[in-house]
Amino acid sequence: GSLEILAGVRPVSAAASGCEAAGWDWGRFEGTTVPHLPLKNLDKGWPRISMTIRSAETFVGGLSSQGRQGVFAMVQNQAIMPEGQTVKGKKSWFFSDDRILCLGSGISCDEARYPTQTTLCQKCLRNDPQRELGPTLVDGANLSTFPEERALDQAKAHWFLDVQQTGYCLPAGQNLTIARKRQTSRDVNDWKDTQGDFLTAWIDHGKAPQDASY
């Protein structure tokens, strides 16, 4: 259920849109709703033999009109390896010109050790011509401190811009956190540690949520 927005400089590319291998958090694919597991748990869940864990659901699909309007929807019901917990929910995205409306409902998970979260973005922070990290515009003000992890007031609506100037608008009632910090991870082949500076934002549904939404 990931939703990755590529809108960097032309020609549009993943790298220009803030994707960076060094320091990439493998538990934060954009748009996904999953428990945020540490790397050691993700490694345990990777099968040692070739196998695919398939969902029991069959409702998934999308359509588009003239390349400008569209809809995608899915019923999420996914086993979490190797302990067998499950994350469930309904996700839908509505595309209209330059806007995307993202909805999630019925989110439940029986993983009680780590919070279930919906990742909004994970974008690499790069130095500007003055060799400084650029600020992040949050609710009309520049957030420039680094490192910083800020949980925003759940009683208010919020908006922010990511590094490619994609805007995110969230109504009141969402448990939103925005972080600007250095991340330590592993490279794609799991051969060595990597580090990188990232802007990440997510909605926190809490540990073992039942019927959460966004």
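In which sense do β1 and strand β6 pair, and over how many bridges? I started my notes there. I am working from a predicted model.

**Entry 1: the sheet**

I looked up β1 and strand β6, residues 115-124: they pair in the antiparallel sense, over 3 bridges. I then picked out proline 35, whose bridge partner in β6 is threonine 116. Next I traced the sheet itself. I found an open sheet of 5 strands, ordered β1-β6-β13-β12-β9, with antiparallel pairing. At its edges I noted β1 (33-35) and β9 (148-151), each of which pairs on one side only.

**Entry 2: the core**

I went on to the largest nonpolar core, which has 19 residues. Which of them touch the most other members? I listed Leu120, Phe160, Leu170, Leu176, Ile178 and Ala201. I then looked for the elements that give two or more residues to this core: they are β6, β11, β12 (176-186) and β13 (193-207). The largest share, 3 residues, comes from β13.

Leaving aside neighbours within four places in sequence, I found its contacts to include Val138, Leu143, Phe160, Leu199 and Ala201.

**Entry 3: a loop residue**

I looked up threonine 166 in the loop between β10 (158-161) and β11 (167-170). Is threonine 166 buried or exposed? I put it down as buried, because its relative accessibility is 13% and the cut-off is under 20%. Not counting residues up to four places away in sequence, threonine 166 touches Ile5, Ala7, Phe160 and Leu161.

**Entry 4: aromatic rings**

I found 5 aromatic pairs in the structure. One of them joins tryptophan 24 and phenylalanine 29 edge-to-face, with 5.9 Å centre to centre and 70° between the planes. I checked both partners for accessibility. Tryptophan 24 counts as buried at 9%, whereas phenylalanine 29 is partly exposed at 39%. I then turned to phenylalanine 160 and tyrosine 168, a stacked pair with 4.8 Å centre to centre and 5° between the planes. Phenylalanine 160 and tyrosine 168 are both buried.

I also noted one aromatic cluster, formed by Trp24, Trp26, Phe29 and Phe198.

**Entry 5: a charge over a ring**

Where does the charged end of arginine 28 sit? I found it over the ring of tryptophan 202, 3.9 Å from the ring centre.

Conventions
Residues are numbered from 1 along each chain as its sequence is written. This is a predicted model: local features need pLDDT of at least 70, side-chain atom pairs count only at pLDDT 80 or more; totals for chains, interfaces and linings use all residues. Side-chain values use heavy atoms; hydrogens and water are left out. Helices (H or I, at least four residues) and strands (E, at least two) are DSSP runs, numbered from the N terminus. Buried means under 20% relative accessible area, exposed over 50%, partly exposed in between (1.4 Å probe, protein chains only). Contact means heavy atoms within 4.5 Å. Two strands pair if DSSP finds at least two bridges between them. A nonpolar core is a set of buried Ala, Val, Leu, Ile, Met, Phe, Trp, Tyr and Cys residues joined through side-chain atoms within 4.5 Å. Rings of Phe, Tyr and Trp (its six-membered ring) pair if their centres lie within 6.5 Å; planes under 30 degrees apart count as stacked, over 60 as edge-to-face and the rest as tilted. A charge sits over a ring if NZ of Lys or CZ of Arg is within 6 Å of the ring centre and within 35 degrees of the ring normal.
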